[in-house]
Amino acid sequence: MLYENLLLEADTENLIVKEKQLINNDGRISGNRIAIRKDILTSAKKACVLAEELGHHFTTVGNILDQKNLLNKKQELHARTWAYNECVGLLGIIDSFNAGCRSLYDMAEHLGVTEKFLHDALESYRRKYGLRVEVDNYIIFFEPYLSVMKKFEEETFY
């Protein structure tokens, strides 16, 4: 379902998404057109590719194909981070925990992304937040392995 939601988001941004024969990339954005490689088989993989291309739409400027250029690499990272936040996010990790997901495979299935995309997102969050981060009444631990803990609210007795 995530792929369809991302297609709707692209539509609201007046972006045209087409599946095409691409040789060197899974996706590409140029102006208001996004191309997704036609022979991608799963909607999870298509969602990951479309999310990154939407990330480019929202965060990058100009032609950044030359990844030897440091500024282009930074823009690529910003687009990927946008995609991670859109498709996974800290609240998505908590939602997966509450849905009973206990493995990366289960989480990826629940979120509608590939395991590799999920792994890369988690690594991005670990670099950003360190060992753990608190969100609402939860603590997400990134090391030594991914885990989520719900905090108990303290009760005051009078």
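Student: Which residue stands opposite Met-149 in β6?

Tutor: Please note that this is a predicted model. In general, strands of a sheet pair through backbone hydrogen bonds, in either a parallel or an antiparallel sense. Here, Ile-139 is the residue opposite Met-149 of β6. Strand β5, residues 138-141, pairs with β6 in the antiparallel sense over four bridges.

Student: What is the order of the strands in the open sheet?

Tutor: The order is β4-β5-β6, three strands with antiparallel pairing. At the edges are β4 (132-135) and β6 (147-150), each of which pairs on one side only. From one strand to the next, the twist averages 20°.

Student: Which helix lies across β4, β5 and β6?

Tutor: That is helix α4, residues 89-98, which runs at about 100° to β5.

Student: How much space lies in the largest pocket?

Tutor: In general, rolling a probe the size of a water molecule over the atoms shows where empty space is left. In this model, the largest pocket holds about 800 Å³ of space. It is lined by 29 residues, of which Gly-27, Glu-52, Glu-53, His-56 and Glu-76 are the closest to its centre.

Student: Which element gives the most to the lining of the largest pocket?

Tutor: Helix α2 does, with seven residues. At least two residues of the lining come from each of β2 (27-30), α2 (43-59), α3 (70-87) and α6 (115-129). By class, the lining comprises nine nonpolar, eleven polar and nine charged residues.

Notes
Residues numbered from 1 in each chain as written. Predicted model: local features only at pLDDT ≥ 70, side-chain atom pairs only at ≥ 80, totals over all residues. Heavy atoms only, no water. 1 Å grid on protein atoms, 1.4 Å probe; cavity = no way out; pocket = protein on both sides within 12 Å on 5 of 7 lines; lining within 4 Å. Points joined across faces, edges and corners; volume = space filled by probe spheres on them. Nonpolar A, V, L, I, M, F, W, Y, C, P; charged D, E, K, R; others polar. Pairing = 2+ DSSP bridges. Axes fitted to C-alpha atoms, helices over the stretch in contact; angles between N-to-C directions. Contact = heavy atoms within 4.5 Å.
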